[in-house]
Amino acid sequence: MRFRILARSITALFATTLLAAACATSDTSTPPPGTGPTSDTSAEASGEDSDQQATSATSADVTADASGTTADTSAGVASEGESGSDVVLDPRETGQLRNFLGYTFPPAPEVQTGPLQRAALNDLNMIWSGLQRGGISGDAIARLGQTGDSRLGWILSDLLRFVPPGELTDGAISAFQSLTGVRLADDPVALRSPWQSVTDHLLAWDLPVFDGYAEYKERLFTLVEPGWQPFFDDADSDIDWRIVSWGGVLIDNRELGDPRLCPRGCIPALDNPGVTDAEGGSWYPDDGIVFAVVLGGEARAYPRHIMEIHEMINDTLGGRRIGMPYCTLCGSAQAYLTEEVPDGVATPVLRTSGLLSRSNKVMYDLVTKSVFNTFTGRAISGPLRRQGVVLPQTTVVTTTWGEWKAAHPDTTIIAPDGGIGRSYRFNPLGGRDDNGPIFPVGDVDERLSVQDQVFGVVLDDGTPVAFPVDAAVAALEAGRTVELGGVTLQLDGGGVRAVDAAGEPIEGHQSFWFAWSQFMADTLLWEP
């Protein structure tokens with residue numbers, strides 16, 4: 001039995017489920033599994049895809065024994081709500097790689113080398129041809145599991161992200177289990193999203209891909225969003241396409257200063273926002289969270305709920321141009337000095353691509369279509385990669401509005417309408433990210449709980465250093481010194497910032513522990 005796609009591209013495949021979701025859910029609720037691109041049609045649309053589950057547990061193999069599946073909280077795994085401060089074992093040292101719900105990943109399957117078998121290539125080409133012309137078979141996908149080539153797991157992950165529940169997902173899940181020997185029913189994450197579980201396994205194993213994998217990924221992804229094509233065009237890019245997934249929205253390619261919503265569904269950056277002084281900021285509650293920056297003697301607060309809607313701001317502060325991504329999924333707001341580029345290079349305009357890398361937003365430059373590593377500011381594709389551009393950062397202090405304006409009475413704050421006449425709900429995400437990562441991250445570093453907030457810096461020699469925020473603030477308020485690796489923390493308006501031994505500032509920002517530790521795997525971690 002063949003699955004008929006509604007039109008000649010995968011984007012059309014989402015039409016009926018998207019309409020159903022629009023009728024059945026609000027902007028901030030979790031749409032049904034399989035929901036397609038989120039149309040940003042109201043003042044309350046927000047964030048990367050709130051539908052983390054591109055597929056649901058439709059396979060009998062996945063749901064078997066589901067009622068008896070529980071998270072393994074033994075062997076030093078911090079349970080939800082615990083600080084995890086007593087967990088000190090690095091999972092890479094113990095050899096026990098676990099996901100955030102305590103499931104221990106089995107050993108990686110045997111990996112073949114060399115080109116794919118002819119039968120596998122034939123099936124892949126049949127599947128991709130079907131995607132383009134409007135029909136594919138779950139049987140063809142399931143046959144990939146008979147090849148014995150575990151590298152095809154990455155293809156199965158990509159398909160699971162885009163196809164709705166049914167014959168196709170059942171075929172992909174069956175193939176993955178056949179290739180790897182994994183029983184997804186053993187992983188509690190699979191009960192939330194088989195796609196997330198499959199991809200977590202692949203990430204934890206660091207499984208290699210076959211030659212030509214990126215070309216298949218390009219053909220699939222650009223069916224969904226042709227605007228992603230420039231990201232694939234740099235054959236020498238440093239993008240690891242294995243870890244790139246779809247965030248559930250399309251590319252923001254509006255011109256700088258365009259205040260309109262994205263007609264096709266994206267996360268729209270806010271350019272040159274309107275601001276008020278501290279007194280005019282009385283509209284924002286004192287206990288509201290802000291991401292605050294001081295640059296050139298000028299302080300500004302960016303309210304979290306506005307950042308949750310836009311996730312990217314291009315602004316001028318202290319006479320400098322900054323680009324400020326906020327990854328809601330990893331709790332990380334950063335501020336990049338976008339004007340610090342080589343002579344002859346136009347100031348980058350940062351935008352959200354709609355793609356993710358290990359649950360971190362993938363940002364790009366609208367001018368050159370160059371992709372950046374959002375966590376480090378390093379250009380990893382396009383003209384800016386070839387020119388070796390690394391955007392410097394300045395510190396972002398995460399605190400409350402009341403504490404920030406008390407410490408910085410001359411601060412400004414983003415206007416309640418963003419300067420574009422828009423209204424913003426105070427809690428647009430509705431707790432979407434409260435129960436652990438909703439996108440694949442692979443194995444986790446168990447020294448802290450995944451969503452503990454840490455303040456991280458990277459030293460000149462490349463050494464990353466992280467401080468658990470709550471413990472560090474408590475120690476500083478008690479008059480203790482908080483120092484590690486030559487980095488000392490100081491209080492600032494209820495938040496923290498870092499200085500070196502000479503008292504000179506070191507740029508840093510907060511994030512969830514899972515995000516910092518996966519991008520800074522060798523990080524030092526301060527303990528109270």
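**Chat about hairpins, a sheet and a helix pair**

Modeller: In this predicted model, strands E12 and E13 make a hairpin with two residues between them. Arg358 sits in that turn and has a positive phi of about 50 degrees.

Biologist: Nice. How many bridges do E12 and E13 share, and in which sense do they pair, parallel or antiparallel?

Modeller: Five bridges, and the pairing is antiparallel. E12 covers residues 350-357, and E13 covers residues 360-365.

Biologist: What happens between E13 and E14?

Modeller: Those two run antiparallel as well, joined by two bridges. E14 is residues 371-372, and Val371 in that strand stands opposite Tyr364.

Biologist: How many residues lie between the strands in that hairpin, and which one takes a positive phi?

Modeller: There are five residues between E13 and E14, and Lys369 takes a positive phi near 60 degrees.

Biologist: Switching topic: what's the strand order in the open sheet of five strands?

Modeller: The order is E5-E17-E7-E6-E16, with mixed pairing.

Biologist: Why is one side of E5 and of E16 left without a neighbour in the sheet?

Modeller: E5 (275-277) and E16 (397-400) stand at the edges and each has a single partner strand, so one side of each has no neighbour there.

Biologist: How much are neighbouring strands turned against each other?

Modeller: On average by 35 degrees, ignoring direction.

Biologist: Helices now. How do H8 and H10 pack?

Modeller: H8 (residues 167-180) and H10 (residues 194-205) pack at about 30 degrees, with axes 11 Å apart. That angle makes H8 roughly parallel to H10.

Biologist: Is the crossing left-handed or right-handed?

Modeller: H8 passes H10 in a left-handed crossing.

Biologist: Which residues meet there?

Modeller: From H8 you have Ile173, Phe176 and Thr180. On the H10 side they meet Pro194, Val198, His201, Leu202 and Trp205.

Technical notes:
Residues are numbered from 1 along each chain as its sequence is written. This is a predicted model: local features need pLDDT of at least 70, side-chain atom pairs count only at pLDDT 80 or more; totals for chains, interfaces and linings use all residues. Side-chain values use heavy atoms; hydrogens and water are left out. Two strands pair if DSSP finds at least two bridges between them. Helices (H or I, at least four residues) and strands (E, at least two) are DSSP runs, numbered from the N terminus. Axes are lines fitted to C-alpha atoms, for helices over the stretch in contact, and angles run from 0 to 180 degrees between N-to-C directions. Angles under 35 degrees count as roughly parallel, over 145 as roughly antiparallel, 65 to 115 as roughly perpendicular and the rest as oblique. A crossing is left-handed if the near helix is turned anticlockwise from the far one by less than a right angle, and right-handed if clockwise. Contact means heavy atoms within 4.5 Å. Buried means under 20% relative accessible area, exposed over 50%, partly exposed in between (1.4 Å probe, protein chains only).
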